[in-house]
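Subject: Structure for you to look over, with notes

Dear colleague,

Here is the structure I promised to pass on, and my notes follow below it. Please read them with the model open beside you.

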Amino acid sequence: MLACDKLTTRSRVAPMTHARTLASSVASRSLSSLARVLVQRPSAGALRAAARTKMSEPGSESQERDQLESTFKQKKILRTQVRRALRSMDPLQRSQEDETIQSLVLDAPWFKSSQSLCAYISCSALREVDTSKILSQILQNSAKDGHIQMKKKLYVPRVEDKNSHMRMLNISSVNDMIANSMDILEPAALDADGNEREDVMQADDPVDLFLLPGLAFDRSGRRLGRGGGYYDTFLRNYQELAHARNWKKPLLAALSYSPQILEEGVIPVTPDDIPVDALVSPSGVITISPAALDRMKI
């Protein structure tokens, strides 16, 4: 079994009065009641606009810090709720959902047509959707129905420090990965010949797909990570690179168990959070952004 990323996101600015009410009431609620409390939250675009306006007003820095602190508390509470739901999943259900989700990805035209992608290495201890079957098929030339599929170029995460610094390095074999100090598999910095592995940020060609982990998601594209900010930081940097080089933005597809999909608006986010384009769940692919609607159409 391939191991995991310990990677996470930060959170989102919320209105002061709503955030204070939430912080005192949500701890005793179940995951479903939490969704009912938060579902009326403003849209992502509205909160981003409000945040920019507040930051330009006198005394706004202190208010902004208070809002972010309150949002972080909301995130912490929600993470606890989701982790509890994941722990309660029946092992057989988890295994079945792993198989279904991976099959949906492998059979999808948008995956088959991708030439270069970044994907996470799943961690069962973190209860992430399994990616071992997907990665194994990517790392071998496969033949199906008499047609040889082009081998895809694969980049996987390597955490460099505790300051949200993560790189995506190219691998061509499962043997290219080693266990880090936390017993998590990640690519070795050097290949078998002692050469540095290609970093996707220095690659000559763009990637067209990201397969992303997360703790929870909603149908508007919000993503709740594990608190380290690794993926948001990396995705923001890669999107800036793609813009500078006039590349098409990659499709951001997150893999999600059933209990990880929350009601729309439940997940608080900040202006720095990066939304996903689509969710791949046991019930099928949920397209969210215009890019996903265009590229994932059958």
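S164 has a positive phi of about 60 degrees although it is not a glycine, and with a relative accessible area of 14% S164 is buried, buried meaning under 20% relative accessible area, exposed over 50% and partly exposed in between, with a 1.4 Å probe and protein chains only. For background, most residues other than glycine have a negative phi. N246, in the loop between α8 (230-244) and β11, likewise has a positive phi of about 60 degrees without being a glycine, but N246 is exposed, with a relative accessible area of 72%.

On conventions, this is a predicted model, in which local features need pLDDT of at least 70 and side-chain atom pairs count only at pLDDT 80 or more, while totals for chains, interfaces and linings use all residues. Residues are numbered from 1 along each chain as its sequence is written, and side-chain values use heavy atoms, with hydrogens and water left out.

Overall, the secondary structure of the protein comes to nine helices and 14 strands, and buried residues make up 50% of its 298 residues. Of the contacts (heavy atoms within 4.5 Å) with a separation of 6 or more, 76% are between residues 24 or more positions apart.

The sheet comes next. Seven strands form an open sheet in the order β5-β4-β1-β8-β11-β13-β14, with mixed pairing, two strands being paired if DSSP finds at least two bridges between them. At the edges stand β5 (166-171) and β14 (284-287), each with a single partner strand, so one side of each is left without a neighbour in the sheet. From one strand to the next the twist averages 25 degrees, with axes taken as lines fitted to C-alpha atoms, for helices over the stretch in contact, and angles running from 0 to 180 degrees between N-to-C directions.

A278 stands opposite T287 in β14, and L279 stands opposite I286 in β14. S281 also lies in strand β13 and counts as buried at 1% relative accessibility. The side chain of S281 makes a polar contact with that of S283 at 3.0 Å; such a contact is a pair of N or O atoms within 3.5 Å, of which, within protein, one must be able to donate a hydrogen and the other to accept it, and residues adjacent in sequence count only if both atoms are side-chain atoms. Leaving aside neighbours within four places in sequence, S281 is in contact with I101, L104, S256, I261 and I286.

Helix α5 (residues 91-107) lies across β8, β11, β13 and β14, running at about 130 degrees to β13. The buried residues of α5 are R94, E97, D98, I101, Q102, V105 and L106. They cover an arc of only 160 degrees around the axis, which puts them on the same side of α5; the arc is that of the directions from the helix axis to the C-beta atoms. At the start of α5, a side-chain oxygen of D90 reaches to within 2.9 Å of the backbone nitrogen of L92.

Notes
Helices (H or I, at least four residues) and strands (E, at least two) are DSSP runs, numbered from the N terminus.
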